[in-house]
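Have the viewer open as you read.

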Amino acid sequence: DISWMYARHNSKYIHIIDARNPAHYAFQHIGGAVNIPVDETFSTGERKDFVGRIKSINEIFNKSGINNDDGVVVYDDGSFLDAARLFWVFEIFGHKKVSIMDGGFSLWLEKHLPTDNKEVTPKPSSYITTVSPARLATKFRTRLAIDNPYVTIVDARTPSEFFGIVSRANRLGHIPGSINVPVTNNFSQANGFISLKSDSELASLYSDLKVAKKVITYCNRGKESAATYFVLRKLGYDVSAYDGSWMEWG
């Protein structure tokens, strides 16, 4: 949370990562934070809804001065979605110690905590990037999951998208057999700020999911599903997010 972050934001043992766009970072950010704009972690190829290639992600991590055993805390503007997407990227590329600052930079400002406008350019690291297949679901894996009683597919989009009223892709509807838990159900909103619901509230929200089952999350492009992925990881589920999501499937 914010108080934990404030007490440690100058620690040399924690890398603070700002997932916002470069202009917002340049204007002001948490002191010592390194900017990794979340959109830079998407593929630059034809399918821009996919996560970036391993070489590209490795270069980003190296440039950010992160080592494999470092603790990482990610924050965004307060939406939670960009930070969650970056959390997922860190996890699928093998990082073990990564967390999210709930409330984001908006809450940091609301608490009148100190900010900086100096760009942080750390000494490049020698990060060794690996891929964790258990955290990334492909189209093939998701197709196999449809008829697998030991896997649940969770659609994090809106009900109108799930039920085929609107769609950002060419087709309407949802992946067969998937259940709809809109990503917004994971959050509480008070005084204009978004925060995660309590663990007990989140556990109740997903009470129909058996912890023994594997879970695949998806949305449109990969941010909402990453937030649901984070929540389910927090609750102890064996979960992966479908790279490509509805923009590929639909």
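First, the ground rules. This is a predicted model, so local features need pLDDT of at least 70 and side-chain atom pairs count only at pLDDT 80 or more, while totals for chains, interfaces and linings use all residues. Residues are numbered from 1 along each chain as its sequence is written, and side-chain values use heavy atoms, with hydrogens and water left out.

## Salt bridges

Let's start with the charged pairs. A salt bridge here is a side-chain nitrogen of Lys or Arg within 4 Å of a carboxyl oxygen of Asp or Glu. By that rule the structure holds 9 salt bridges.

| Lys223 | Asp82 | 2.9 Å |

Take the pair of Asp82 and Lys223, with its closest N and O atoms 2.9 Å apart. Asp82 lies in helix H4 (residues 81-92) and Lys223 in the loop between strand S10 (214-218) and helix H9 (224-234), so this bridge ties together parts that are 141 residues apart in sequence. For the element names, helices (H or I, at least four residues) and strands (E, at least two) are DSSP runs, numbered from the N terminus.

Asp82 is buried at 17% relative accessibility.

Helix H3 spans residues 54-63, and its buried residues are Ile57, Asn58, Ile60, Phe61 and Asn62. H4 is among what covers those buried residues, with contact taken as heavy atoms within 4.5 Å. After H3 comes Gly65, which has a positive phi near 75°.

Pockets are found on a 1 Å grid over the protein atoms alone: a pocket is an open set of points where a 1.4 Å probe fits, with protein on both sides within 12 Å along at least five of seven lines, and lining residues have an atom within 4 Å of a point. The largest pocket holds about 330 Å³ of space. It has 15 lining residues, and the closest to its centre are Val34, Asn35, Pro37, Lys63 and Glu119. Helix H2 (22-27), strand S2 (34-35) and H3 are the elements that give two or more residues to this lining. Which element gives the most to the lining? That is H2, with 3 residues. By type, the lining divides into 9 nonpolar, 3 polar and 3 charged residues.

## Strands

Two strands pair if DSSP finds at least two bridges between them. An open sheet is formed by 4 strands in the order S2-S1-S3-S4, with parallel pairing. S2 and strand S4 (98-100) are its edge strands, each pairing on one side only. Strand S1 (residues 14-18) is joined to S2 by 2 bridges, and Ile17 has Val34 in S2 as its bridge partner. Val34 is also one of the residues closest to the centre of the largest pocket.

Elsewhere, strand S8 (residues 187-190) and strand S9 (residues 193-196) run antiparallel, joined by 4 bridges. Gln189 has Ile194 in S9 as its bridge partner. The S8 and S9 hairpin has 2 residues between the strands.

Most residues other than glycine have a negative phi. Asn191, in the loop between S8 and S9, has a positive phi near 55°. Asn191 counts as exposed, at 76% relative accessibility. Ser245 has a positive phi near 45° and is found in helix H10 (residues 245-249). Buried or exposed, then, for Ser245? Ser245 counts as buried, at 0% relative accessibility.

Technical notes. Buried means under 20% relative accessible area, exposed over 50%, partly exposed in between (1.4 Å probe, protein chains only). Grid points are joined across faces, edges and corners, and a volume is the space filled by probe spheres set on the points. Ala, Val, Leu, Ile, Met, Phe, Trp, Tyr, Cys and Pro count as nonpolar, Asp, Glu, Lys and Arg as charged, and the others, Gly among them, as polar.
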